[in-house]
Amino acid sequence: MTFKPASFSTIQSVGLCLLHSIESENAPFLPAGFFNESPWESVKDLDFNELRACISKTLDLLKQQLFQVFALICRRRSSFLPVHRLPPEILSVSIAHSMAEIECHNHQQRLIQLSTVSWWWRQVTLGTPSLWSVICSKDPEWIVSLALERSKDAPLTILYDGTSYSSNLHGGKSNRESMGSDDFLRLVSPHTARWADATVPQLGSGHDNVEWLSQHPIQLSQHLRQLNLDWHGSPSTDNAVTRFSGRTGCLLDLKLRNLHIVPTDMFRILAAARRMVSLDLDSLVASVRQEHEDEPNNTSPPMIDLPCLKRLALKGLPSNIMDPIVQHLNPSALDMVSIDHNLVVQGDPSIPSTHPDPFASFTARLVATRTWTEIQIQSNGISLKPCAGPIRNFAIRLEGERVAILWWLRLRSLPQITREYSLQLDISSDSLGENPEQMLIDNLMRFSNVGSVVLWGRRESQRWIWLLSLPDAVQADLVDSKSDKPIRSWLWPGLCYLRFKGDYVNEFTILSVLLARYGSRPTEGAGAPSRFVRLDIRPGENVWRAEVFDRIKKLVGPSCAVKWVKPQ
């Protein structure tokens, strides 16, 4: 579409109308009767400098009025849009859904922008406290204070983010330093009763921070769903005690690390949190100062059930915290279990204990959830995990004296299993060391339900292959009534899977073992060794002859799969 130039008469009429609209503002600068005379006659009587100033002033007033009219037209036009006719409840919900896609560190800045869209939007955003409930340490202090004020009594999402680079509102990356954890906790700590989702990873990093924690307990909100607290530094009884008051039944996810706590606080929280889905406790220190205890010492901790728990991670907990937590848990309902425990065995494991061992019972219930469990001997402890398969849903690492741990497993924990299960022993020369204790070897030999053995390293491969060939390798605690001598038996008579490296065990040695166990079959019945179901031989530099494999297959029988495992 093309526009024709306006005629001079039209321009003159529009100019006169505009000048008449600001007559009151121009009256002091124009001669009397200016608007009643022809514009060209009035201009002749004006001085040029005065005329220029008058025109400039007139243009400024016209621009101002033009902008006001334009803004009025825009507001009027916008008022007809459907979004501006929404009820405040629907508009606030729409804004909340859109804010859910914004990163936490950009939440408040985007909300401030939305509150400037229009008068109606500003009224709705300021009148909805829940929109201002996301508090992030990336925001400046004035924005955090503003959000805490505008959120009123709404449940809060607290996030401390110590990273330097973050995404901005324009989709790029920008350098946004987080405020100090001491300053952040000073702002949010008075509102602990409103915390719904809180992540504060650097507790105790400043003097004010420590002073506040030593004087005020963290009040658990009835809305609290997720709590993640991490002490800045190593766990120690010299750190300030982190106290908790109240309880909440809405807690779904709890993660505490390096805190100095009162155990009764922890037990009270967990006993009430029956909807909890994830529990992660790492390196907690139990307070021993009686002035922090609210209950008598002889009071037993409440029962911790946690029927909805799916993820459990416990690391570096003292026994007085670990035992009440795992005592009543049902491992079969857990999707993931990770436990790292420094096990201190009290007394002689061979003597039945008069006191219950909740951790031993929990370990037995956990092992019973799987048909096969691997016991791996490590340099500073013992680890238990499911054998290789599609699901490896638990891992227990027990640190401490290996002989005592094996005793504890063999005599206190595993005997509590009432269903059938099998163990795989993973034995490595590097893990056992150059000269392993004889008591360590004896404990491994006395494990029952051993169905699979994996040997690593020359020394241990030769040791255990030789022991497997002896019909009297293991001496039982029972005595034969006829000969009055200790009863001796095969090593691991239920063994059905064996894996080793061909360079460490040569072909003649394995033939000797098979001949001893299955050649003439000197013994029958319960004490006779079971036949192998699978024999895996990892190749090395030594090449085994084909006739040896034929002889091995003949000895183990057709039911055993002899596999020469090719290197990856």
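I started with helix H8, residues 141-150. Helices here are DSSP runs (H or I) of at least four residues and strands (E) of at least two, numbered from the N terminus. I listed the buried residues of H8: Ile143, Val144, Leu146, Ala147, Leu148 and Arg150. Buried means under 20% relative accessible area with a 1.4 Å probe, protein chains only.

The model is predicted: local features need pLDDT of at least 70, side-chain atom pairs count only at pLDDT 80 or more, and totals for chains, interfaces and linings use all residues. Residues are numbered from 1 along each chain as its sequence is written, and side-chain values use heavy atoms, without hydrogens or water.

What covers the buried side of H8? I found that the cover includes helices H6 (104-114), H7 (119-126) and H9 (181-188), plus strands E1 (134-136) and E2 (156-159). Contact means heavy atoms within 4.5 Å. Lys152 follows H8 and has a positive phi, near 55°.

Next I checked the largest nonpolar core, which has 120 residues. Such a core joins buried Ala, Val, Leu, Ile, Met, Phe, Trp, Tyr and Cys through side-chain atoms within 4.5 Å. Leu254 and Leu279 touch the most other members. Another core lies apart from it, with nine residues, including Leu91 and Trp132.

Last, I looked at H12 (residues 319-326) and H13 (residues 358-367), which pack at about 45° with axes 8 Å apart. Axes are lines fitted to C-alpha atoms over the stretch in contact, and angles run from 0 to 180 degrees between N-to-C directions. I noted Met322, Asp323 and Val326 of H12 against Pro358, Phe359, Phe362 and Arg365 of H13.

Key:
Buried means under 20% relative accessible area, exposed over 50%, partly exposed in between (1.4 Å probe, protein chains only).
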